[in-house]
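This report looks at charged side-chain pairs and at one helix packing. The structure comes first.

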Amino acid sequence: MASLRAHFYDIAVRVAVKARIGRERDIAAIRRAFDRETFPAPLGVAFTPGELGGVAGEWAEAEGGSTECPALLYLHGGGFIACSARMYRPITGHFARAGLRVFAPDYRLAPEDPFPAGVEDCAAAWRALSARGPAAIAGDSAGGNLALATMVEARRLGLPLPAAAALFSPATDLVGRSPSFRTNARRDAMFRPEALTRLVPAYLDGADPADPRASPIEADLSGFPPLMIHVGTREILRDDSLRLADKARAAGVSVSLTQFPVVPHAWQLAESFLPEAQASLTEAAVFLRRALRTVPVPEVAA
């Protein structure tokens, strides 16, 4: 059962976001609507500028925590055209307080830097992080897409795969074939389908939407690490998650899928007051830490 706060938050998002960007055609205006630091960062977390693999971003670490904390690469959402590591501090900070050392890259955004620039940046950051030892990956929305695309690219490049991946409402099919894209058009608190369809051409810039790095639902998922997927039942992207879970399980991948009622897209950002956000992030942190504990550390050659 959804909390009362979830119902109020659903209404607030409809008024503040869906009404503003629903019919907006200007990418710059949509970016401005997304780029709002609405929620506070958790207390007790140090956020430090840094870079991995030549990609700028920031580290999130619990104050006074150990530098030996297991590592997590977090890829922020924003429709491939907006947002930043700083805006996602409510999420990266929560993971840091849960005992993870988090790097969130400020990967290149469209339309200035279209596909595959973002994938290349995330893969470069992953290459550098995974070279330090076992690590996990997570992301939401476009960031969930990029987390999957990073794993596709890592396998192609012969890099280690993450110990596990936590995905929040990932966009897995940029072709737009998921039934909920239509059936949840009215129920989704944040997006109208036409709003998302305007973002895809800006991101792809003529590239094939069925490229597995753009639409990970097209990828061969065999050999992927355990996946944890959280999605809202009312989201137009709901079936992107359900279809991914089905395909991953058919490929022999361990999948944990949870559907949350009422909550709008990217509800994890509201972790400061929304019980469902706290529950989602806490479950994800436990899942990722458990997976990282089971990964053997390779011996270093003398």
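## A charged network

E218 is partly exposed, with a relative accessible area of 33%. This is a predicted model. The side chain of E218 forms a salt bridge with that of R177, at 2.5 Å from N to O. R177 sits in the loop between β6 (165-168) and α6 (180-183), while E218 sits in the loop between α7 (193-204) and β7, so the pair ties together parts 41 residues apart in sequence. R177 is partly exposed too, at 37% relative accessibility.

The pair does not stand alone. Salt bridges link D173, R177, E218 and R243 in a network.

R234 is partly exposed, at 23%.

## A neighbouring pair in sequence

R238 and D239 also form a salt bridge. Their closest N and O atoms are 2.9 Å apart. D239 counts as buried, at 8% relative accessibility. R238 is buried as well, with a relative accessible area of 17%.

## Packing of α4 and α5

How do the axes of helix α4 and helix α5 cross? Helix α4 covers residues 117-130, and helix α5 covers residues 142-157. Their axes come within 9 Å and cross at roughly 65 degrees. Angles of 65 to 115 degrees count as roughly perpendicular, so α4 is roughly perpendicular to α5. The crossing is right-handed.

From α4, the residues in contact are G118, V119, C122, A123, W126 and R127. They meet L146, A149, T150, E153, A154 and L157 in α5. By class, the contact of α4 with α5 has 8 nonpolar, 2 polar and 2 charged residues.

Methods: Residues are numbered from 1 along each chain as its sequence is written. This is a predicted model: local features need pLDDT of at least 70, side-chain atom pairs count only at pLDDT 80 or more; totals for chains, interfaces and linings use all residues. Side-chain values use heavy atoms; hydrogens and water are left out. Buried means under 20% relative accessible area, exposed over 50%, partly exposed in between (1.4 Å probe, protein chains only). A salt bridge is a side-chain nitrogen of Lys or Arg within 4 Å of a carboxyl oxygen of Asp or Glu. Helices (H or I, at least four residues) and strands (E, at least two) are DSSP runs, numbered from the N terminus. Axes are lines fitted to C-alpha atoms, for helices over the stretch in contact, and angles run from 0 to 180 degrees between N-to-C directions. Angles under 35 degrees count as roughly parallel, over 145 as roughly antiparallel, 65 to 115 as roughly perpendicular and the rest as oblique. A crossing is left-handed if the near helix is turned anticlockwise from the far one by less than a right angle, and right-handed if clockwise. Contact means heavy atoms within 4.5 Å. Ala, Val, Leu, Ile, Met, Phe, Trp, Tyr, Cys and Pro count as nonpolar, Asp, Glu, Lys and Arg as charged, and the others, Gly among them, as polar.
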